[in-house]
Amino acid sequence: MHQWLLVCLLAGMAWPGWAVADAALALRTKYAAMGERLKVNQFNRPIVLESLETSNLVSGEIYAVINHPFTVVSTGLNNPDHWCDVMSLPMNTKYCRAAVASDGTVLKVNIGTKTAESLKYAARIEFKYAVVDATPQYLDIRLAAKDGPMGTSDIRVLFEAMPVADAKTFMHLTYSYSVNLASRLAMKTYLATIGRGKVGFTQAGQQSDGAPRFIDGVRGMVERNTMRYFLAIDSYLDATTEAPQAALEKRLQSWFSAIEVYPRQLLELERSEYLAMKRDEYQRQQTTH
């Protein structure tokens with residue numbers, strides 16, 4: 001699996017380049033092969049999380065069956081504004097707005113701290129947004145940014161989905177970025193200070209008291225971020241039937257409830273702090289360009 005992911009990412013998992021028909025077939029094949037892992041795993045729900053770290057690439061990916069019909073998933077996520085609704089849910093996203101550029105649609109995203117912060121201190125990332133394929137049986141959306149925070153580059157968010165039985169959807173999310181010496185030094189500093197003691201989701205043995213020992217370091221960091229985005233997608237879809245203001249509140253409440261399930265990895269603010277910060281950021285987003 002990891003060899004397949006590495007080959008695809010280094011090749012760009014391109015638009016163009018990767019044949020759409022092959023991608024749809026690969027997802028169907030993956031779903032068929034993953035049956036038991038989706039049934040039995042540490043999440044007690046149909047989720048499989050994998051991560052990879054090489055000398056110049058870090059990636060996390062999630063395969064999951066979600067309780068949303070494919071038509072809801074496709075309608076909801078085949079829209080750049082809705083991706084901003086998704087990406088705004090994690091704590092360190094300070095701003096997101098979709099805009100039309102000369103070469104296509106761009107998502108302007110500011111990434112900062114996990115507490116309230118002025119936009120002038122938050123790093124700006126510009127994602128090119130592309131719908132590679134959208135049919136009644138398959139959805140493929142790609143976000144790509146040249147540069148990211150902490151000296152990272154080639155930031156990719158790859159999402160694909162297909163309908164499965166019982167009005168559910170099988171989805172695949174990949175979050176990856178390239179690293180160099182400077183970015184590794186920045187991550188090392190982060191992991192030794194603010195990120196000290198934080199872990200991912202993959203179990204890497206047991207502690208002396210028998211409790212599970214989870215991976216840490218860069219792989220732990222990418223696993224946490226990938227899970228945050230997955231939970232954001234699921235929370236956004238939970239609220240698609242609500243009126244706009246009610247939808248915002250439902251998304252926020254749903255996402256926070258989702259991260260509470262994984263306190264060791266994801267819980268970093270009280271619910272009241274998170275809600276107040278996100279409501280303020282939403283208001284700022286309506287007036288700032």
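User: What's the volume of the second largest pocket?
Analyst: In this predicted model, the second largest pocket comes out at about 320 Å³.

User: Which residues lie nearest its centre?
Analyst: That would be Asp-81, Asp-85, Arg-251, Tyr-282 and Gln-285, out of 17 lining residues for the second largest pocket. Helix H5 (80-87), strand E3 (93-101), helix H8 (244-260) and helix H10 (271-287) each give two or more residues to that lining.

User: And how does that lining split by class?
Analyst: The second largest pocket has nine nonpolar, three polar and five charged lining residues.

User: OK, now the largest pocket. What volume does it have?
Analyst: About 640 Å³. The lining of the largest pocket runs to 25 residues, with Asn-92, Ile-111, Gly-112, Lys-114 and Met-150 nearest the centre. By class, that's 15 nonpolar, five polar and five charged.

User: Which element supplies the largest share of the lining there?
Analyst: H7, with five residues. Strand E5 (123-135), strand E8 (168-178), H6 and H7 each put in at least two.

User: Switching to H6 and H7: at what angle do their axes cross?
Analyst: Roughly 85°, for H6 (residues 181-192) and H7 (residues 217-238), with the axes coming within 10 Å.

Notes
Residues are numbered from 1 along each chain as its sequence is written. This is a predicted model: local features need pLDDT of at least 70, side-chain atom pairs count only at pLDDT 80 or more; totals for chains, interfaces and linings use all residues. Side-chain values use heavy atoms; hydrogens and water are left out. Axes are lines fitted to C-alpha atoms, for helices over the stretch in contact, and angles run from 0 to 180 degrees between N-to-C directions. Helices (H or I, at least four residues) and strands (E, at least two) are DSSP runs, numbered from the N terminus. On a 1 Å grid over the protein atoms alone, a cavity is a set of points where a 1.4 Å probe fits but cannot get out, and a pocket is an open set with protein on both sides within 12 Å along at least five of seven lines; lining residues have an atom within 4 Å of a point. Grid points are joined across faces, edges and corners, and a volume is the space filled by probe spheres set on the points. Ala, Val, Leu, Ile, Met, Phe, Trp, Tyr, Cys and Pro count as nonpolar, Asp, Glu, Lys and Arg as charged, and the others, Gly among them, as polar.
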